[in-house]
Amino acid sequence: MEYAIEGFRLEKSFAKKRSLKEIVTKPFVPAERIEALRGVDLHVRTGEIFGLLGPNGAGKTTLVKILSCLVLPDRGRAVVGGEDVRRENRVKPNIGLVHSDERSFYWRLSGRDNLRFFARLYDVPGPRIESRIDELLERVELSHAAGQRFSGYSSGMKQRLAVARALLHDPPILLMDEPTRSLDPASSLSLREFIRDELKGRLGKTILLATHNLREAEMLCDRLAILVKGTVRQVGTVGEVRRWGMDERQVRLEVSNWRDGIAGPFRVVSAEKLDGIHRAVVALDGDGRLNDLLAAVMAAGCVVHACDRVEPDLEEAFARLMREESAKGAA
Amino acid sequence: MKRFFTKIWAFLYRDLLTDLSYRFAFVLQLFGMVFAVAVFYFASRMIDPKTAGLDGIEPFPWILVGIAFQLYFATALYSFSEKVRSEQVLGTLEAMLVSPTPTSMVIFSSAAWDFTWGALRLVVYLLAAVFLFGVKLHVTSPLALMLGIVLTLLSSAGIGLLSASFILYFKRGDPVNFILTMGTTFFGNVIFPAKVLPASVRGVSAWLPMTWSLKVVRGSLLQGADLSALQGEILRLAVLTAVLVPLGLFASRIAIQKAKREGSLVQY
């Protein structure tokens, strides 16, 4: 199967909550609706980590809920593991969900008892339950805390237990909704490494990762889609998305004797002096060539110590997209 | 079927472990039940045993059985919706609903412990009545008693599912539960016989499963009535159950579908 997850023109809107007064005084006036998804197309390849990137309220969680059969789409079609999400009994055995809500366990029960409960719900065969739980606890490095109450777990441990739960029935597809949101930097890094090395690398899972953390997306995703106000604005590899909207290349120079105006026709993006050396970022837009820039700088008496290409940043690409969105909104 | 019982057991074991983790509260609840029986005993001594509608049964066991079953009914009425609500608050509902277990089974099984606890409370009430207050039980037909209990459980579950569906559909439930609980308490022969009510409203009681449940249980438990003597009441209860259970299941299916369309099932 080339694609593990596919969405075709998915649309979803939610009714705004009405007050009791509104319901009584205007019973036949339909409630105002908020559009969460507006024709989303999505194609996630089998075995890849696909990022769903977007600001809060972009529709990421709604999309994850549709793909995990928790919410039905108003229009359009979603296919997970080759099955339409409307046939949930066929889809659910193939998916595991990890969401950001660290409360999603029974606090008075131990980690093991929690997993035991969910294992029965996830149709793990009775004789396999204990060995499967042992295996998963070891994999997420929680064996030492298996008998401890969930309420005593740290945020990192809670999130690792959530990953173990999603893996109980060994689904080929994992849907992760901001899994590192409530974690400290060290726990986030550890979970990201686990996702990349263990879940994708060793177990070969297909992972849809909804996040607004650009670093996370950059570190983990093979491809990503940027979702803004319920529409997919950009899809591609991290490199492609980074370069999106950039019609210029940039180079970083380390030079001595830098002065304003010596770059000639080239636009200087930034320039700062550190330990007697200037670090300048210069844009080579249009037909601008590196040779011409270096010639101009050296002709002005500068000594060039280093020169390298500036790789566009995902954060900048995202910011560009957001600026464009607000400009559209203003227009 | 094995899958069904495995799931029910998972929920029962989970809730048993949770309740046992609050040991003091657990013991207090048991003590509270015995204390409640004592209150009913002394309160019932004010009632004239010749009151119309008691059918020759002593007021204390008559009221005890009525209140015990009414509490059971209230459990059925509230537990489905309250469990869904509490799982929403805990954040565990999504994790359950994304599992291959059907949504209706998740909702149904969530209340399994409450039903079991309700049954245990019934037993404690009866044991306390027998051993502490000398109530004599006359069970000549265990089958009639069993039928009465099973049909009560099913009809209550049917009404409970209807109530939970109403809450899921309209996201407002308290008035419905309140009306059903009060209506059953008032018209269902729970604390006083419907015969003492004005004739104009007395007919309402015939439409309530509680009326027939209590007739069957009081008859088989306290009067020594056999199956043939209670067959009319059992039949009426069975008919009401046969209507309420499919209706409850159908309503819950519609409500779950709507909640899924609106996304309200997983929102708190």
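**Exercise 1. How are α1(B) and α5(B) oriented to each other?**

*Solution.* Start with the axes, which are lines fitted to C-alpha atoms, for helices over the stretch in contact, with angles running from 0 to 180 degrees between N-to-C directions. In this predicted model, the axes of α1 (residues 2–21) and α5 (residues 103–110) of chain B come within 9 Å and cross at roughly 45 degrees. Next, apply the classes: under 35 degrees is roughly parallel, over 145 roughly antiparallel, 65 to 115 roughly perpendicular, and the rest oblique. α1(B) and α5(B) are therefore oblique to each other.

Now find the contact, where two residues qualify if their C-beta atoms, placed from the backbone, lie within 7 Å. B:K7, B:I8 and B:F11 take part from α1(B), and B:M105, B:S109 and B:S110 from α5(B). Sorted by type, the residues of this contact are three nonpolar, two polar and one charged. Here Ala, Val, Leu, Ile, Met, Phe, Trp, Tyr, Cys and Pro count as nonpolar, Asp, Glu, Lys and Arg as charged, and the others, Gly among them, as polar.

A note on conventions: residues are numbered from 1 along each chain as its sequence is written, and chains are lettered from A and ligands numbered from 1 in the order in which they are written. Because this is a predicted model, local features need pLDDT of at least 70 and side-chain atom pairs count only at pLDDT 80 or more, while totals for chains, interfaces and linings use all residues.

**Exercise 2. Which element gives the most to the side of chain B that touches chain A?**

*Solution.* Begin with the totals: 23 residues of chain B are in contact with 29 residues of chain A. Then list the elements of chain B that give two or more residues to this side: α1, α4 (93–97) and α11 (227–262). Helices (H or I, at least four residues) and strands (E, at least two) are DSSP runs, numbered from the N terminus. With seven residues, α1(B) gives the most. Finally, the side of chain B divides into nine nonpolar, eight polar and six charged residues.

**Exercise 3. Is β6(A) mostly covered or mostly uncovered, and where does it sit in its sheet?**

*Solution.* Take burial to begin with: a residue is buried if 20 or more other C-beta atoms lie within 10 Å of its own, exposed if 12 or fewer, and partly exposed in between, with C-beta atoms placed from the backbone. β6(A), residues 95–99, is mostly covered, with five of its five residues buried. A:I95, A:L97 and A:H99 point one way, and A:G96 and A:V98 the other way.

Turn to pairing, for which DSSP must find at least two bridges between two strands. β6(A) pairs with β7(A), residues 173–177, in the parallel sense over five bridges. Within this pair, A:L97 stands opposite A:L175, and A:G96 has A:L174 as its bridge partner.

Last, place the strand: the open sheet runs β6-β7-β8-β3-β9-β10 in chain A, with mixed pairing. β6 and β10 (231–237) are its edge strands, each pairing on one side only. Helix α6 (residues 155–167) of chain A lies across β6 and β7, at about 165 degrees to β6(A).
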